[in-house]
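I opened my notebook to get to know a structure that was new to me. Here is what I looked up, entry by entry.

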Amino acid sequence: MKKLVGDLYQHELVKARKDRPGKAKWRGSLLGGCMRQQVYYANNEPVSNPRSEDVLRIFERGNIIGTSLNDRLKNSEFLKSYEDEVPLAIPELYFAGNADAVVTWMDDTKEVWEYKSVKAFAWKYIPKPEHQVQAAIYAEAISRMRGERHGARLVYVRADDLATSEFIVEDEWREKALSILALLNGEYRDTLPPALPEEEFKSEKTGEWKFPCGHCEYLTKCRGE
C-alpha cells in the first residue's frame with residue numbers, strides 16, 4: 001500500500017505520544033486541569049478515548065513554535081543565560097515536569113518561561129488558569145531546586161501570525177498549585193476525585209461535552225457513555 005508523507009508523519013506523532021511516560025506521579029502540564037483525569041494518568045489507566053489526529057497535530061504545532069522560540073532566544077544579547085527544556089521536580093510531592101525555558105535577565109532577575117500557542121479565536125481567553133498553575137509550579141520547583149527565587153512568565157504565541165502576548169504569573173498561583181498537589185497526595189491519594197460538574201461542561205442544546213471533557217482521553221471511562 002502506497003504511503004503518503006502525511007501518513008508517515010501522523011504515524012510518528014502517534015508513536016511519540018505513546019513513548020512519553022510521566023517522570024513522576026503528577027505532571028506540570030496537567031496540574032491545573034481536572035483532578036480525576038490526573039489520577040487516571042497517574043495510575044496508568046488505559047485510555048477510553050484516544051487522541052484524534054487533529055489534536056496530535058495541535059500538540060506538534062506547539063512543539064514547533066517552542067523550538068523556534070528556543071532557537072531565536074538562546075543567544076539573546078539581552079539575557080545572561082537561557083536554558084531550554086529544563087527538568088524540574090519536587091520529589092516530596094511526587095511532582096515533575098519540564099520548563100520550556102529558565103532565564104536570567106541582565107539585571108539578574110530569574111524567571112521560568114512557559115510557552116503556549118493558541119489560535120486567534122482563543123486569544124480573548126488568555127491567560128488561562130490552568131496555564132498559570134503550570135507556570136507557577138514550575139517556578140516553585142526551580143526555586144526550591146536552586147535555592148534562588150524564580151518568577152514565572154506565560155508567553156502566548158498566536159499560531160496564525162506568531163504575534164505574542166505575555167503575563168507575569170502572580171504568587172497566588174503558586175499557592176493554588178501547591179493546594180492541588182496537597183489534595184492529590186492527601187484526600188485523593190486512594191479515592192477518585194469527583195468528575196467536573198455535568199451542568200457546566202455539557203451543552204444542553206447539543207448534548208456535546210465542552211472542553212476539557214470533550215477532548216479528554218478518559219471521557220467514556222469517566223462519564224460512562
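**Entry 1: a buried arginine**

I began with Arg-174, which counts as buried because its relative accessibility is 7%; buried means under 20% relative accessible area, exposed over 50% and partly exposed in between, with a 1.4 Å probe and protein chains only. I found Arg-174 in helix 5, residues 172-185. Helices (H or I, at least four residues) and strands (E, at least two) are DSSP runs, numbered from the N terminus. Which residues does Arg-174 touch, leaving out those up to four places away in sequence? I noted Ala-136, Ala-139, Glu-140, Ser-143, Arg-149, His-150 and Gly-151, where contact means heavy atoms within 4.5 Å.

**Entry 2: what I am looking at**

I reminded myself that this is a predicted model, in which local features need pLDDT of at least 70 and side-chain atom pairs count only at pLDDT 80 or more, while totals for chains, interfaces and linings use all residues. Residues are numbered from 1 along each chain as its sequence is written, and side-chain values use heavy atoms, with hydrogens and water left out.

**Entry 3: the whole chain**

I listed seven helices and six strands in the protein chain. Their order from the N terminus is α-β-α-α-β-β-β-α-β-β-α-α-α. The protein chain is as compact as a globular protein of its length, because its radius of gyration is 18 Å, close to the 17 Å that the globule rule gives for 225 residues. That radius is taken over C-alpha atoms, and the rule is 2.2 Å times the number of residues to the power 0.38. I also noted that 40% of the 225 residues count as buried.

**Entry 4: helix 3**

Buried residues in helix 3 include Val-55, Leu-56, Ile-65 and Leu-69.

Most residues other than glycine have a negative phi, and most peptide bonds are trans. I looked for departures. Ile-126 and Pro-127 are joined by a cis peptide bond, with omega about 0°, and Pro-127 sits in the loop between strand 4 (110-118) and helix 4 (129-146). Another cis bond runs from Phe-211 to Pro-212, with omega near 5°. Glu-85, not a glycine, has a positive phi of about 50°; Glu-85 belongs to strand 2, residues 79-90, and is partly exposed at 44% relative accessible area.
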